[in-house]
Protein chains: 2
Amino acid sequence: MTERSESDREADVSVGDMGPEHFRRHAHEVADWMADYLATVGDLPVFPDLEPGAIRDLLPEEPPDEGEPMDRVLADFRDVVVPGLTHWNHPRFFGYFAITASGPGILGEMLTAALNVNAMVWRSSPAATELEELTTDWLRQLLGLPPEFDGVINDTASSSTLYALAAARDVAWPDAHERGLFGCAPGRVYASDQAHSSVEKAVLTLGLGRSGFGAIRSDGEFRMDPDALAEAIRGDIEAGVRPVAIVATLGTTSSASMDPVAEIVQVASEFGVWLHVDAAYGGAAAIVPELAPLFDGWRGADSIVVNPHKWLFTPIDCSVLYCRRPADLVGAFSIVPEYLKSSEQASARSLMDYGVSLGRRFRALKLWFVLRHFGRGGLVAAIREHVRLARVLAGWVEQADDWALVAPVHLATIAVRFGPGWAPDAEDRANRRIIERVNRSGEAFLTHTVLAGRTVIRVSIGNLKTTHADVARVWASLRRAADIVRAEGETP
Amino acid sequence: MTERSESDREADVSVGDMGPEHFRRHAHEVADWMADYLATVGDLPVFPDLEPGAIRDLLPEEPPDEGEPMDRVLADFRDVVVPGLTHWNHPRFFGYFAITASGPGILGEMLTAALNVNAMVWRSSPAATELEELTTDWLRQLLGLPPEFDGVINDTASSSTLYALAAARDVAWPDAHERGLFGCAPGRVYASDQAHSSVEKAVLTLGLGRSGFGAIRSDGEFRMDPDALAEAIRGDIEAGVRPVAIVATLGTTSSASMDPVAEIVQVASEFGVWLHVDAAYGGAAAIVPELAPLFDGWRGADSIVVNPHKWLFTPIDCSVLYCRRPADLVGAFSIVPEYLKSSEQASARSLMDYGVSLGRRFRALKLWFVLRHFGRGGLVAAIREHVRLARVLAGWVEQADDWALVAPVHLATIAVRFGPGWAPDAEDRANRRIIERVNRSGEAFLTHTVLAGRTVIRVSIGNLKTTHADVARVWASLRRAADIVRAEGETP
């Protein structure tokens, strides 16, 4: 992003949009910046060592009265914004779930932004609706799901799960769509104590209240206990509480554990309850032949969410909701006002009917680019490599004194713990101090969780740029931080 | 997007992501395509004259086993996808609400895609959270709203309205957060019969049922009747139905009518009911001094939604929800699991707590670019020009035999009707045939609505490339289509 002439600056501050040639120049500058970023992001600190408010302090509190030259805006982007970011597209980002904005995905987003179409109904942009149908069907085939599963793209798994549970609610109480939940006996949605917070948020949103969420205990490997599930449902039915839905998780957030979905399908079937599978993170692994057995039984679900923006190299946001009962999904939401009616409704799907959001970005384009660029073979190879790296790291952890794996390794997110044999509270603090040290060093980014009451360090491997050397480096950082923490003692 | 060498093709199909230099080349190709598109989109048919399924028929039903060269993917984009789009970024797109992906907004989205950060908590990307706070506060100042209004960016107004009404629900029934709506007396949300469908969808989602939505009659200018509102609330209270919220609309979808919000504030205050203002479309006009009086009273609302992706030249998606009672919004949703806790929670906002979606794109970046590129002056000038063009067109309609304005013109979306004096049903059909003719010609894109029981043609002006000549051209197209329809007679 270079200096420009005075006339360019004039062009910038005129009323209205920048012209196409003015846009072209900046788009090329930005394209170069992006390529440089992708080439060198690994040299940046992953996490900025800042205090809250540090970025706002550098920026004016009031909006400008006059337009500003784009060069100045882009300079502030580089100088103020970028140093204040946690770099999710960094090879040593191991926090939350590690993700990738791949090249083809970014190209798709560029075009999506320029087109700015809205895929709410077929007519509002036919190719956007049809490409969404096509790409979600391609992904369904890659995942090994049967054709009954109808896909639609939402922003996040939180939305996808909300929509699925809305359908389940309306199936559980057929009158609720008309009369609401008022006067109904209470109902409950079940998920394991390891399920994602979005399940409980959805339950709250849908009007079931916190008591409408039933946490089912998980076993020693953090998998939902199907017997405990059946027992909870049986007890609720006896107490007059209606079972609304079960949410099974394939790839939990804390430890990437895999609920025994084949057994859970049996329970759902026995009680006639909607089964939603949260495979937002784990689902991608179903593409890999040797990992597919982990998903045995998920075809028996009523709905499944898989997020290509998690482990399928697609820039956020892109969450695919599959539903074997799409009419129930549409039934929960469809209200078609006059200004959205169009003549082809009988022959074309209106994707707005499958959820809350009317406005729908053209998210299928980036997913289509990614699936074509990688092909099945490329996706399998990339996911397989992440799982291999996770196992390498897990092996090192198992060999190390004072370190332990806290959960079995199925996918590419592992949970580890530094355990020098101190009192549990002191060990918890030590693990937090280790994370804080590694993060502040900028070498890697990690997040914690709590498993079986103990603070645990998560390491999620999911960026395409992550190599064996990066994994070795985060492990060295962890051990170095642990040495310092050990030297400081239990209460530094 | 030109031909490439054999070695490039090899690079494309290797396992994993494209390298930075490979990305750089395609990013420059795409940047040029985007600039060309912005320069020439006005020469394309606005709407593709296709039948449903036409795009899918051109594409393989199965995903590729091996990765494909990006050149082939981009060629299919140009040859198959682009001809199948309705071009929302076209100067003669007058359907739904006309919008603009402006240059600075597109540049912001490019960078957002490459960074791929997630603004769920401060730590997950500090600058993304702080820039979201900053830009929503800048916009608040531009809109003339007081500092009590706290802003957060959501994907769409549908989500923003859902979140606001979730807060209202939990305020109306303080026990509902814990126990759900079971056993509560029924409640109701009120909006005019012109309100957007997202209000009713939110009511359904929240568990209030269709009977939980009360449509208040609008007056001859399609504005909510505050007396009818007060009467409905009074009647409901007497009947044991709890008033939950009122939704006032500033810029309705059918006719851009403006509810008398100052009077509605009085009603909300009298009954102690949450007032949400849907200014998703209209809100932008509050920036223009001579239009600001249309918004008198909206400061008295509890929550307001304004969508920069509608009339503020920001690529979709970008919807800002302002809330004067942010604690109530957080209260409705906040569930913080262990893996998302971080040490700075006391001093930094976690934006994920303000709604359902956990994953949150870095949408503030594009909004910041837009606000800086245009400045207050540029925004005022652009919106003012759209309103001026709408009035010019309205003047032509008023002068024309057989044509009539169906609603007063406040903003830049007008409702018109061809009325040759036939039977009402025949006239309705004629107006639909006119839209169909104009759309199939590719010259302009229009959508219909129904106002006071009659089919009406909407013309929404909101693209920055739209000129006086474009407005003259759609008017000529409408009259030409009407001449043909008239010649065909009442039942062609």
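A:Tyr96 is placed in the loop between α3 (70–81) and α4 (103–115) of chain A. The model is a predicted one, and in it A:Tyr96 has a positive phi of about 40° although it is not a glycine. A:Tyr96 counts as buried because 27 C-beta neighbours fall inside 10 Å.

**Other backbone features in loops**

- B:Ala256 is a residue other than glycine with a positive phi, near 60°.
- The loop that holds B:Ala256 runs between β4 (242–249) and α10 (261–271) of chain B.
- B:Ala256 counts as buried, since it has 27 C-beta neighbours inside 10 Å.
- In chain A, a cis peptide bond leads from A:Ile316 to A:Asp317, with omega near 10°; A:Asp317 belongs to the loop between α11 (308–311) and β7 (319–323) of chain A.
- In chain B, the peptide bond from B:Ile316 to B:Asp317 is likewise cis, with omega near 10°; B:Asp317 is in the loop between α11 (308–311) and β7 of chain B.

**The four-stranded sheet of chain A**

- Four strands of chain A form an open sheet in the order β8-β9-β11-β10, with antiparallel pairing.
- The edges are held by β8 (403–405) and β10 (447–451) of chain A; each has a single partner strand, so one side of each lacks a neighbour in the sheet.
- On average, and with direction ignored, neighbouring strands of this sheet are turned by 40° against each other.
- β10(A) is joined by 5 bridges to the antiparallel strand β11 (residues 454–460) of chain A, where A:Leu451 stands opposite A:Arg454.
- Helix α13 (residues 364–399) of chain A packs on the sheet and touches β8, β9 (413–418) and β11 of chain A. The direction of helix α13 makes about 135° with that of β8(A).
- Helix α14 (residues 424–441) of chain A lies across β9, β10 and β11 of chain A, and runs at about 30° to β11(A).

**Strands of chain B**

- Strand β6 (residues 303–306) of chain B is covered on both faces: B:Ser303 and B:Val305 are buried on one side, and B:Ile304 and B:Val306 on the other.
- Strand β5 (residues 274–278) of chain B runs parallel to β6(B) and is joined to it by 3 bridges; B:His276 stands opposite B:Ser303.
- Strand β7 (residues 319–323) of chain B pairs with β6(B) in the antiparallel sense over 4 bridges, and B:Val305 stands opposite B:Leu321.
- In strand β10 (residues 447–451) of chain B, 4 of the 5 residues are buried.
- β10(B) pairs in the antiparallel sense with strand β11 (residues 454–460) of chain B over 5 bridges, and B:Arg454 is the bridge partner of B:Leu451.
- The hairpin of β10(B) and β11(B) has 2 residues between the strands, and B:Ala452 takes a positive phi near 50° there.

**A buried aspartate in chain A**

- A:Asp170 lies in helix α6 (residues 157–172) of chain A.
- A:Asp170 has 24 C-beta neighbours inside 10 Å and therefore counts as buried.
- Beyond four places in sequence, A:Asp170 touches A:Ala176, A:His177, A:Asp328, A:Gly331 and A:Ala332.
- A:Leu329 is 159 residues from A:Asp170 in sequence, yet the C-alpha atoms of the two are 9.0 Å apart.

**Nonpolar cores**

- The largest nonpolar core has 336 residues, of which A:Val189, A:Ile246, B:Val189 and B:Ile246 touch the most other members.
- A second, separate core has 8 residues, including B:Ala176, B:Leu181, B:Phe182 and B:Cys184.

**The contact between the chains**

- Chain B gives 139 residues to the contact and chain A gives 138 residues.
- On the side of chain B that touches chain A, helix α2 (residues 20–40) of chain B supplies the largest share, 16 residues.
- This side of chain B has 74 nonpolar, 40 polar and 25 charged residues.

Conventions:
Residues are numbered from 1 along each chain as its sequence is written. Chains are lettered from A and ligands numbered from 1 in the order in which they are written. This is a predicted model: local features need pLDDT of at least 70, side-chain atom pairs count only at pLDDT 80 or more; totals for chains, interfaces and linings use all residues. A nonpolar core is a set of buried Ala, Val, Leu, Ile, Met, Phe, Trp, Tyr and Cys residues joined through C-beta atoms within 7 Å. A residue is buried if 20 or more other C-beta atoms lie within 10 Å of its own, exposed if 12 or fewer, and partly exposed in between; C-beta atoms are placed from the backbone. Two residues are in contact if their C-beta atoms, placed from the backbone, lie within 7 Å. Ala, Val, Leu, Ile, Met, Phe, Trp, Tyr, Cys and Pro count as nonpolar, Asp, Glu, Lys and Arg as charged, and the others, Gly among them, as polar. Two strands pair if DSSP finds at least two bridges between them. Axes are lines fitted to C-alpha atoms, for helices over the stretch in contact, and angles run from 0 to 180 degrees between N-to-C directions.
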